[in-house]
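Q: I would like to learn how to read a protein model. Please show me one and take me through its features.

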Amino acid sequence: MKSIIALFIAIIILTGCNQSKAIHPQPSHTAISIGNPTAEEVLAQNPKADIFQYKDIVYTNASEIEWVQQAELTIGDHVGTITKQFTYDLTFEHEMATKLPVDTEIYEPAKKIGPVLIVTINDKEIRYLGLIEG
């Protein structure tokens with residue numbers, strides 16, 4: 001009889017523990033990122049990042065990205081100009097850059113191949129890749 005009562009009490013305690021977890025689920029430790037990375041997120045990971053923002057998308061220097069460098073791209077339409085240099089006392093905004101000087105011209109490639117933009121500095125083309133989630 002004592003063993004039946006002990007078993008009954010154990011079942012009640014275990015059932016109560018399961019109910020507690022159902023009512024108060026534990027937070028998941030899986031990070032879920034929604035949306036494109038922001039300039040602040042990129043700079044938090046790499047404070048020396050060479051980035052600029054164009055139409056709410058952050059573009060990063062693609063000099064080290066092989067497929068971007070190997071793509072046959074030519075300059076197409078002029079789409080913007082770097083208007084501000086970023087400093088940590090400012091909020092990152094449209095046409096602002098960390099390393100590109102003010103008045104740097106931004107172009108789309110004539111043939112679109114992913115989120116790539118091209119800037120020109122002293123007649124030199126530099127390709128930038130848009131950081132798009134998903």
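A: Start with the terms: helices (H or I, at least four residues) and strands (E, at least two) are DSSP runs, numbered from the N terminus. Thr98 is found in the loop between β5 (96-97) and β6 (105-109). This is a predicted model, in which local features need pLDDT of at least 70 and side-chain atom pairs count only at pLDDT 80 or more, while totals for chains, interfaces and linings use all residues. Residues are numbered from 1 along each chain as its sequence is written, and side-chain values use heavy atoms, with hydrogens and water left out.

Q: How many helices and strands are in the protein chain?

A: The protein chain has three helices and eight strands. Along the sequence, their pattern reads α-α-β-β-α-β-β-β-β-β-β.

Q: Is Thr98 buried or exposed?

A: Buried means under 20% relative accessible area, exposed over 50%, and partly exposed in between (1.4 Å probe, protein chains only). Thr98 has a relative accessible area of 17%, so Thr98 is buried. In the protein chain, buried residues make up 30% of the 134 residues.

Q: Which residues is Thr98 in contact with?

A: Contact means heavy atoms within 4.5 Å. Leaving aside neighbours within four places in sequence, Thr98 is in contact with Leu43, Ala49, Asp50, Ile51, Gln85, Phe86 and Phe92.

Q: What does Thr60 touch?

A: Thr60 lies in strand β2 (residues 57-61). Not counting residues up to four places away in sequence, Thr60 touches residues including Asp50, Ile51 and Leu131. Thr60 and Leu131 are 71 residues apart in sequence, yet 7.2 Å apart in space, C-alpha to C-alpha.
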